[in-house]
Amino acid sequence: MDAQLLGIKKAGYKLYWIGCGTSDFAYAGSQVLDQALTRNGMEHTFYKSTGGHEWKNWRLYLNTFAQLLFK
């Protein structure tokens with residue numbers, strides 16, 4: 001994973017954003033990605049919320065993330 005992330009870093013990226021609920025089945029994987037991004041010195045946001053893989057979180061993430069796209 002580190003080699004792939006370094007390739008992304010070298011190619012240039014503007015925004016890396018992860019959103020996940022603490023009860024989500026993907027939360028453990030999101031934590032691994034967060035740690036790998038940190039380890040490789042890649043600036044990013046790891047947005048954690050309560051709950052799992054549910055519509056209320058998707059709406060929250062879209063509202064939060066979309067605003068960053070148009071800055």
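Okay, let's start in helix α2, where Tyr27, Ser30, Asp34, Ala36 and Leu37 are buried. Keep in mind that what we're looking at is a predicted model.

So what do those buried residues of α2 pack against? They sit against α1, which is residues 2-11, and also against β1 and β2, with β2 covering 45-49. As for the helix itself, α2 runs over residues 27-39, so count 13 residues there. From its first C-alpha to its last it reaches 18 Å, close to the 18 Å expected at 1.5 Å a residue. After α2 comes Gly41, and its phi is positive, near 70°.

Now, the core. The largest nonpolar core has eight residues, and they are Leu5, Ile18, Cys20, Tyr27, Ala36, Leu37, Met42 and Phe46. Which elements give two or more residues to this core? Those are β1 and α2, and α2 gives the most, with three residues. As background, nonpolar side chains in soluble globular proteins tend to be buried together.

Setting aside its neighbours within four places in sequence, Leu5 is in contact with Tyr16, Leu33, Ala36, Leu37, Asn40 and Met42.

Then look at Leu6, in helix α1. Buried or partly exposed? Leu6 is at 41% relative accessibility, so it counts as partly exposed.

Last topic, the aromatics. How many aromatic pairs are there? The count comes to six. Take Tyr13 and Tyr16 as one of them: the ring centres are 6.1 Å apart and the planes are at 80°, so this pair is edge-to-face. Tyr13 is partly exposed, by the way, with a relative accessible area of 26%.

Another one is Trp17 with Tyr61. Here the centres are 5.9 Å apart and the planes are at 65°, so again we call it edge-to-face. Trp17 lies in strand β1, residues 17-21, while Tyr61 lies in helix α3, residues 55-69, so the pair ties together parts that are 44 residues apart in sequence. Both Trp17 and Tyr61 are buried. They also belong to one aromatic cluster, formed by Trp17, Tyr47, Tyr61 and Phe65.

Methods: Residues numbered from 1 in each chain as written. Heavy atoms only, no water. Phe/Tyr/Trp six-rings, centres within 6.5 Å; stacked < 30°, edge-to-face > 60°. Buried < 20%, exposed > 50% of the residue type's maximum accessible area, 1.4 Å probe, protein only. Helix = DSSP H or I, 4+ residues; strand = E, 2+ residues; numbered from the N terminus. Expected span 1.5 Å × (residues − 1). Contact = heavy atoms within 4.5 Å. Core = buried A, V, L, I, M, F, W, Y, C linked by side-chain atoms within 4.5 Å.
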